[in-house]
Amino acid sequence: MLSSSKALLEWVKDERNRDLMLTLLCPVPAPLGLLSLLPPLRPAAPISPSEPISQAYSLALYMQKNTSTLLQTYLQYQGSPFSDPGFSAPELQLSSLPPAAVPFKTWHAMDDAERLSRAQGGFLALTQHLQLVGDDQSDLNPGSPILLAQLGAARLRAQGLLGNMAAIMSALGLPIPPEEDTLGLVPFGASAFERKCRGYIVTREYGHWTDRAVRDLALLKAKYPA
C-alpha cells in the first residue's frame with residue numbers, strides 16, 4: 001500500500017503528468033462554434049380546440065343518456081310525494097345553484113366565452129351540490145347502494161366535463177374562472193324533507209345543465225371542426 005502511494009507521488013511530481021491530470025479534471029468547454037450548429041428550440045405548437053371540444057361533446061352525450069335514470073332513481077327512494085307518478089316541481093330552486101334554463105334569444109346571442117363560462121359555473125356548482133346530496137342520501141337512505149353509486153358517478157362525470165371545458169377555454173385563449181365555494185353556509189339542521197327537496201333540485205338541474213352543455217358543445221363542434 002505504501003509503495004503504491006510513493007509511486008503515485010513520484011508520478012504527480014513529473015510536470016507532464018501533472019498537466020495531463022489537470023486536463024482530465026478540468027475538461028475544456030466545447031467551442032462556441034459547435035453550439036451554433038445545434039438546432040434552435042421550437043415553441044410548442046398551439047393546442048387545437050377541436051380535440052377537447054370533441055371529448056367534451058362525447059362525454060356530454062354519454063351523460064345525457066343517464067340523467068333521466070338518475071332523477072327517477074332518486075325520486076323512487078324518497079317516498080311520497082316525490083315517488084308519486086308524474087311528480088314535478090319546477091318552481092323549486094336553490095339560490096346556490098344557477099338554473100340551466102335561459103331564454104333562447106339570450107342563449108343564442110352569447111359568444112363562446114360567455115357560453116363556456118356559464119356552463120363551467122353551472123357544472124362547478126353541480127359537482128359541489130352532488131357531493132352534498134350524496135352525503136344527505138347516505139344518511140337518509142343508507143341501504144340504497146344503487147342511488148349512492150349513481151350520485152357518485154354523476155359527480156365524477158360533472159368533474160370530468162368541467163375539466164374538458166377548462167381545456168377548451170385554454171385552447172381558445174380564454175380566461176378560466178377560478179374555482180369557488182358555491183354552496184356557502186349549509187344549514188346542518190335541515191329537515192329530511194328539506195334535504196329531499198334539495199336533492200330533487202340538484203338531480204333535476206343536473207339533467208338540464210347536461211342538455212344545455214350538449215347544445216353549447218354542438219355549436220362549438222360545428223365552429224371548430226376536426
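1. Helices α6 and α8. These two helices are roughly antiparallel to each other, because angles over 145 degrees get that label, while under 35 degrees is roughly parallel, 65 to 115 roughly perpendicular and the rest oblique. Helix α6 covers residues 112-140, and its axis packs against that of α8 at about 150°, 8 Å apart. Axes here are lines fitted to C-alpha atoms, for helices over the stretch in contact, with angles from 0 to 180 degrees between N-to-C directions. α6 passes α8 in a left-handed crossing; that is, the near helix is turned anticlockwise from the far one by less than a right angle, and clockwise would be right-handed. The contact of α6 with α8 has 15 nonpolar, four polar and twelve charged residues. Nonpolar means Ala, Val, Leu, Ile, Met, Phe, Trp, Tyr, Cys and Pro; charged means Asp, Glu, Lys and Arg; the others, Gly among them, are polar.

2. Basis. This is a predicted model, where local features need pLDDT of at least 70, side-chain atom pairs count only at pLDDT 80 or more, and totals for chains, interfaces and linings use all residues. Residues are numbered from 1 along each chain as its sequence is written, and side-chain values use heavy atoms, with hydrogens and water left out.

3. Helices α4 and α7. The axes of α4 and α7 (residues 145-171) come within 9 Å and cross at roughly 155°. That makes α4 roughly antiparallel to α7. This crossing of α4 past α7 is left-handed. The contact residues of α4 with α7 divide into 18 nonpolar, eight polar and one charged.

4. Overall content. The chain has eight helices and zero strands. Helices (H or I, at least four residues) and strands (E, at least two) are DSSP runs, numbered from the N terminus. Of the 226 residues in the chain, 34% are buried. Buried means under 20% relative accessible area, exposed over 50% and partly exposed in between, with a 1.4 Å probe and protein chains only.

5. Aromatic pairs. The structure holds five. In one of them, Phe82 and Phe193 are tilted, at 5.6 Å centre to centre and 45° between the planes. Phe82 lies in the loop between α4 (50-78) and α5 (104-108), and Phe193 in α8 (residues 192-223), so the pair ties together parts 111 residues apart in sequence. Rings of Phe, Tyr and Trp (its six-membered ring) pair if their centres lie within 6.5 Å; planes under 30 degrees apart are stacked, over 60 edge-to-face and the rest tilted. Phe82 is buried at 2% relative accessibility. Phe193 is partly exposed at 47%. Phe82, Phe87, Phe193 and Tyr200 form one aromatic cluster.

6. Charge over a ring. Arg115 lies over the face of Trp107, at 5.0 Å from the ring centre. The criterion is NZ of Lys or CZ of Arg within 6 Å of the ring centre and within 35 degrees of the ring normal.

7. The cis bond. Most peptide bonds are trans. The bond from Ser80 to Pro81 is cis, with omega near 5°. Pro81 is in the loop between α4 and α5.

8. Loop residues. Ala100 is in the loop between α4 and α5. Ala100 is buried at 6% relative accessible area. The C-alpha atoms of Ala100 and Tyr206 are separated by 8.7 Å, at 106 residues apart along the chain. Val186 is in the loop between α7 and α8. Val186 is partly exposed at 22%. Val186 and Leu132 are 54 residues apart in sequence and 9.2 Å apart in space, C-alpha to C-alpha.
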